[in-house]
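Welcome! Here is a short briefing on a protein chain, written for someone new to reading structures.

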Amino acid sequence: TSFVMSKKIVITTWIFLLAWLSFFPYIIVPYTDTLVLPLISAYILFYVLLRKTELYWLKVVFALIIGITLMLSFFMKPTAVIPMIAILFVELTTYVPSVFHVTYSKQHILKIAIILVAGISSMFVTNHIYTNAVNNQKYVRVDKNMKIPPVHFIAMGMHGNGGFDQEDAAKMYSSHS
């Protein structure tokens, strides 16, 4: 991604990443926080590629890939969509005000709409395929009544140092029995 953005920052990026890794080596331990990083990196890379390319058909392909990788990262760890929320916020705050100062052609607006529809529809298709795969698989019995509500994970950050709270977890699990 840094190479696509600017070839000048690649070495600086590697030095920064290696220095960061030397101070925080536990990031190598496999866990959802680290396993989702390639998916986050992928949708950020394809966003940068989408912004850099001038080829319209390639923008549509990149939007499709962004939608797929974004949805897959959401399934692995819902908070993985935070970088995309930030990207959308920046895009909206820079694009929307320019609408009032620049006149866009109908063709340009249509192209942007198609790119957005491609990204969003690929998210819905990915969600549909994933949901069908989970619901129709026979390897692991999934009991939807045991699903922990999002409030549990939000509450985790509200106690003590923001970590796991055994008392809250016990209340949450007992409400499902």
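## Overall fold

The chain has nine helices and zero strands; helices (H or I, at least four residues) and strands (E, at least two) are DSSP runs, numbered from the N terminus. This is a predicted model, in which local features need pLDDT of at least 70, side-chain atom pairs count only at pLDDT 80 or more, and totals for chains, interfaces and linings use all residues. Residues are numbered from 1 along each chain as its sequence is written, and side-chain values use heavy atoms, leaving out hydrogens and water.

**Helix 4 and helix 5**

- The axes of helix 4 (residues 37-52) and helix 5 (residues 56-76) come within 8 Å and cross at roughly 160 degrees; axes are lines fitted to C-alpha atoms, for helices over the stretch in contact, and angles run from 0 to 180 degrees between N-to-C directions.
- Helix 4 and helix 5 are therefore roughly antiparallel (angles over 145 degrees).
- Among the residues that meet (heavy atoms within 4.5 Å) are Leu-39, Phe-46 and Arg-51 in helix 4, and Lys-59, Ile-66 and Met-76 in helix 5.
- Sorted by class, this contact between helix 4 and helix 5 has 14 nonpolar, two polar and two charged residues; Ala, Val, Leu, Ile, Met, Phe, Trp, Tyr, Cys and Pro count as nonpolar, Asp, Glu, Lys and Arg as charged, and the others, Gly among them, as polar.

**The chain as a whole**

- Of the 177 residues in the chain, 21% are buried, meaning under 20% relative accessible area (1.4 Å probe, protein chains only).
- Of the contacts in the chain between residues at least 6 apart in sequence, 64% join residues at least 24 apart.

Technical notes: Parallel < 35°, antiparallel > 145°, perpendicular 65-115°, else oblique. Buried < 20%, exposed > 50% of the residue type's maximum accessible area, 1.4 Å probe, protein only.
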